[in-house]
Amino acid sequence: MVEPIIKIRDLHTQYGDKKVLKGINLDIYPYETFVILGRSGCGKSTLLRHLIGLQKPTQGYIYIKDNNFVTASEKEKNDILKNIGMLFQSSALFNSMTVGDNVALPLREHTPQPDSTIKIMTRMKLGLVGLSGFENFMPAELSGGMKKRAALARALAMDPEILFCDEPSAGLDPIVAVGIDNLILKLKKAFKMTIVVVTHELESVFVIADRIALLHEGEFIFVGTKDEMRRSEVPVVRQFLQRAPDEDDMDKDKFLNSLIGG
Amino acid sequence: MKKTFEKAGQGFVEFTVHLARISSLSVRSLFWIFIAPFRGKKLRWHLTFVQMVRIGVNSVLIVGIISFCVGLIIAMQAAYQLERFGASIYVADLVGVSMTRELGPLITAIVIAGRSGSAIAAEIGTMKVAEEIDALETMALNPIGYLIVPRTLAMIIVLPCLTVLADLIGITGGFVLAVVNLKLPFIAYFNQTADAILFKDFITGLIKSFFFAIIIAQIGAYQGFSVTGGAEGVGKSTTASVVSSIFLIIFADLLFTMLFYSTL
């Protein structure tokens, strides 16, 4: 039996009185592409922020390669983070630096390599995502899809074991979005990497995923493979797959009362 | 009545929270600057130099012009009073001492708070809105070490330098007025100024500017980090950084002047 690379145990988070995550348990195994699917506001962004250490959960644990991420000290946390790449939804490239410097930054800060080596490594990473020759461009000069690619190159700079992607194809036109999906597939084959993708876009889910989890109101209501998902009888899963809207269950009296503030 | 008290109480609580957070941020940044380097953490000098150019070199002209004008102004005000007693030569003392002890550091700090403190707040605020700060953290880079320390260090180095410049140019301003308008002899004014300014006047000014530098950089950084929302939030924080750092500069100046007045 393979040990999971990421273990989430009984994870709770609440903002004030609002419970966002209600006791999540999840195992993610090495070298799989795991997609966390969910509607807007279901808590998937919060979960991702816990997984990359930007926010502490109210309760519960996250183990990444057997290191407890929640209770880790600053130094232990940084050691874990060096093994993690993160692709942000907004790309989050440093706008004051060239694309090349963006990719080179983690290498410059965390490796003792001389600058000439780092330059070559930077070019290699940019070549990998199809951006050869763009190292002297500023992020503002790139299109949305190219920014995503550059951000992906930066996330891969340290050859991470785990890559997290937040909505990789959000805000891109369908053709560019498919390009990003294919790129993720290509990278998965090229590197031995565990990829965790958070998204709500069904098209890309069925292209890239090995396993899928559906987060609904702070709980996983489905975890399984693509085929299992297609066959699933869980109502919310069916609703998601059929892209059915919520039923409007507000009755007339309630609506009237809400209008007059009663 | 109850509401007024409630509001005042709330305001006080918010103020205390802000103060506690700024202090905690300052303690951490100063730890990174003065203690961490002795424990094997590198200071990022390349980033610091970039900031020194932005904060320091690029504001030489504006600081120079303003302090020249201020020198002229004090000289005129002093001459207006002193001429009546036939004591015009003491314009040199007044300009020299008030520039080095008080106005050099204060004017420089206010100009830099408006120019560079706001820039720090806007830059860090924009980075926060664009998830760049989050990106830094996920790359295992501490935003304090990477963003605030270089700016604070640059400010601590550059502000006293600019203050020395402002002192000199301000005194020159007074000098120009004395020679051209009051017809005082060049050498007499020079000697009078040299006698009037003591070393301690100069040093107290520099001590002030060291603390002003910390105030400007920390308030700018704090306001930048506390940006919420989008462009509007950045605008609000930038304004707040200028207002609160000028307030704190003047308040700190008052404390230091009281201290130096009673002891030195």
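Q: Axes are lines fitted to C-alpha atoms, for helices over the stretch in contact, and angles run from 0 to 180 degrees between N-to-C directions. On that basis, at what angle do helix α2 and helix α6 of chain B pack, and how far apart are their axes?
A: In this predicted model, local features need pLDDT of at least 70 and side-chain atom pairs count only at pLDDT 80 or more, while totals for chains, interfaces and linings use all residues. Residues are numbered from 1 along each chain as its sequence is written, and chains are lettered from A and ligands numbered from 1 in the order in which they are written. Helix α2 (residues 45–55) and helix α6 (residues 143–180) of chain B pack at about 50°, and their axes are 8 Å apart.

Q: Which residues in α2(B) meet α6(B)?
A: From α2(B) they are B:L47, B:T48, B:Q51, B:M52 and B:I55; their partners in α6(B) include B:P150, B:L153 and B:V158. Two residues are in contact if their C-beta atoms, placed from the backbone, lie within 7 Å. By class, this contact has nine nonpolar, two polar and one charged residues (Ala, Val, Leu, Ile, Met, Phe, Trp, Tyr, Cys and Pro count as nonpolar, Asp, Glu, Lys and Arg as charged, and the others, Gly among them, as polar).

Q: What residues in α6(B) and α7(B) meet?
A: B:I171, B:F175, B:A178 and B:V179 in α6(B) meet B:F186, B:Y189 and B:T193 in α7(B). The contact has six nonpolar, one polar and no charged residues. The axes of α6(B) and α7(B), residues 186–196, come within 10 Å and cross at roughly 145°, in a right-handed crossing.

Q: Why does B:G224 count as buried?
A: A residue is buried if 20 or more other C-beta atoms lie within 10 Å of its own, exposed if 12 or fewer, and partly exposed in between. B:G224 has 28 such neighbours and is therefore buried. This residue is found in α8 (residues 199–225) of chain B and touches B:I120, B:E123 and B:S237, among others.

Q: What makes A:I5 buried or exposed?
A: A:I5 has 21 other C-beta atoms within 10 Å, so the residue is buried. A:I5 is in the segment before β1 (6–15) of chain A; residues touched by A:I5 include A:Y29, A:P30 and A:T194.

Q: How does the radius of gyration of chain A agree with that of a compact globule?
A: The radius is taken over C-alpha atoms, and the globule rule is 2.2 Å times the number of residues to the power 0.38. For 262 residues the rule gives a value near 18 Å; chain A has 20 Å, which agrees. The C-alpha trace spans about 70 × 40 × 40 Å along its principal axes.

Q: How many helices and strands has chain A?
A: Chain A has ten helices and ten strands, as DSSP runs numbered from the N terminus (helices: H or I, at least four residues; strands: E, at least two).

How values were computed:
Left-handed = near helix turned anticlockwise from the far one by under 90°. Lists of a residue's contacts leave out its neighbours within four places in sequence.
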